[in-house]
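Subject: Structure for you to look over

Dear colleague,

I am passing on the structure we spoke about, together with some notes on what turned up in it. Please open it alongside this message and read the two together.

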Amino acid sequence: MADVPSEAPEHCPGTQSENAGKASACAGCPNQSLCSSGAARQPDPGIALVKERLSLVQNKLLILSGKGGVGKSTVASLLSRCLAANNPDRNVGVLDIDICGPSQPRVLGVLGEQVHQSGSGWSPVYIEDNLSLMSIGFLLSSPSDAVIWRGPKKNGMIRQFLSEVDWGNLDYLILDTPPGTSDEHLSATSYLKGAGITGAIIITTPPQVALLDVRKEIDFCRKVNVPILGVIENMSIFVCPKCKNTAEIFPASTGGARAMSNELNVEFLGSIPLDPLLARCCDEGKNFLTEIPNSPTVSTLNGICKRIVQKCEEEKENCPNNSQ
Ligand code: ADP
């Protein structure tokens, strides 16, 4: 076994730390003098701007996944469509902050649309009367543009996204985040500190490797005090579009996401099957809920959305400051 160093290498202590600018990791950092002066410890004015802008948004939900490719964006789009369709008197917004891979314009069928700027901010693109979307994808001239962006630029973009979109009154704002726990998550959770985050919904597939990453995601939420509304397992079973028979794709040798959720004391919200018709609809930007309304996947989604609505109400009772 390789020797484990007795002390881990020192990392940036963070701008809010007492040690900011003074740790050995700060030597040579261009922000060292700013951090050591304490100026960086002042609250970021962006937090107040975001709070003000999102004051008419009742519930802010983060969609997280430990890994890419587990269907996070697909599930985020389905939950948004389902919440909007089942609650016609409520408004739903989707904010796609997956800066390096914004896929909401495609899955929600508005690829190539333009956002407009007015005196009151950026206007989101409307998919339905009560469902709107803002995505970095609308602002990039090429999909590969943002891939090379580094931390500060991403941070600035997320601040602008959270503070400058003119959503109006929203009941649910669904934030589609990148996989893992990266700059974007830290930026989003710190800018949303004042406005409050209702909770996170974590998407995973059943294999152990994806579940291991989910544990890190749960750990992240607990560290930054974001309530976890629940875990959704995606693509665990296959539904044959012809005979409607189901088959387990990944043998659940360890009990999959349900067992992991029980173990970690988070709610298991449900399993969405791998459904080729769903993949096709999303790839073509069609609304799966209206294209295949009798699919068992749609009834599963309806059940999950109903529970999410209840969980949001419960969170509001537990922490009324999260939704003003
Ligand atoms: P992520 O956002 O986690 O990277 P995506 O949502 O982009 O993943 O999904 C990756 C691929 O898997 C897409 O082609 C999508 O259509 C497909 N997919 C996701 N969920 C399902 C599902 N339940 N059934 C069939 N295909 C799915």
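Helices (H or I, at least four residues) and strands (E, at least two) are taken as DSSP runs and numbered from the N terminus, and the element names below follow that numbering. Please keep in mind throughout that this is a predicted model.

With that numbering, Asn-265 falls in the loop between helix H8 (256-264) and S11. Asn-265 has a phi near 65°, a positive value in a residue other than glycine, and it is exposed, with 8 other C-beta atoms within 10 Å.

The overall picture

The protein chain has 11 helices and 11 strands. Its radius of gyration is 20 Å, close to the 20 Å that the globule rule gives for 324 residues, so the chain is as compact as a globular protein of that length. Along the principal axes, the C-alpha atoms fill a box of roughly 65 × 60 × 45 Å. Of the 324 residues in the protein chain, 41% are buried, and among contacts between residues at least 6 apart in sequence, 75% join residues at least 24 apart.

The ligand

Which residues are closest to the ligand? The ligand is surrounded by 18 residues, and the closest are Gly-71, Lys-72, Ser-73, Thr-74 and Ala-279. The elements that supply two or more residues to this shell are helix H3 (72-86), strand S9 (228-239), strand S11 (268-274) and helix H9 (276-283). H9 gives the most, with four residues. By residue type, the shell divides into seven nonpolar, eight polar and three charged residues.

In soluble globular proteins, nonpolar side chains tend to be buried together. Here the largest nonpolar core has 73 residues, and those that touch the most other members are Ile-63, Leu-79, Leu-173, Ile-174, Leu-175, Ala-200 and Ile-202. Leaving aside residues up to four places away in sequence, Ala-200 touches Leu-62, Leu-64, Cys-221, Val-226, Ile-228 and Leu-229.

Helix H11 (residues 296-318) has 23 residues and reaches 33 Å from its first C-alpha to its last, close to the 33 Å expected at 1.5 Å a residue. Its buried residues are Val-298, Leu-301, Ile-304, Cys-305, Ile-308, Lys-311, Cys-312 and Glu-315, and they pack against strand S1 (57-65), H3, strand S8 (199-204), S9, S11 and helix H10 (288-291). Glu-313 also lies in helix H11, but Glu-313 is partly exposed, with 13 other C-beta atoms within 10 Å. Glu-313 and Thr-198 are 115 residues apart in sequence, yet their C-alpha atoms are 9.4 Å apart in space.

Is helix H6 (residues 183-191) enclosed by the rest of the structure or left open? Seven of its nine residues are buried, so H6 is largely enclosed. The buried residues of H6 are Glu-184, His-185, Ser-187, Ala-188, Thr-189, Ser-190 and Tyr-191.

The loop between H4 and S3

Gly-109 is in the loop between helix H4 (104-107) and strand S3 (116-118), and Gln-114 is found in that loop too. Gly-109 counts as partly exposed, with 18 C-beta neighbours inside 10 Å, whereas Gln-114 is exposed, with 9 other C-beta atoms within 10 Å. Apart from residues up to four places away in sequence, Gly-109 touches Ile-127, Gly-285 and Lys-286. The C-alpha atoms of Gly-109 and Ser-271, which are 162 residues apart along the chain, are separated by 24 Å. Gln-114 and Met-134 are 20 residues apart in sequence and 9.9 Å apart in space, C-alpha to C-alpha.

With best wishes

Terms used: Residues numbered from 1 in each chain as written. Predicted model: local features only at pLDDT ≥ 70, side-chain atom pairs only at ≥ 80, totals over all residues. Near = placed C-beta within 6 Å. Nonpolar A, V, L, I, M, F, W, Y, C, P; charged D, E, K, R; others polar. Core = buried A, V, L, I, M, F, W, Y, C linked by C-beta atoms within 7 Å. Buried ≥ 20, exposed ≤ 12 C-beta atoms within 10 Å, placed from the backbone. Contact = placed C-beta atoms within 7 Å. Expected span 1.5 Å × (residues − 1). Rg over C-alpha atoms; globule rule 2.2 N^0.38 Å.
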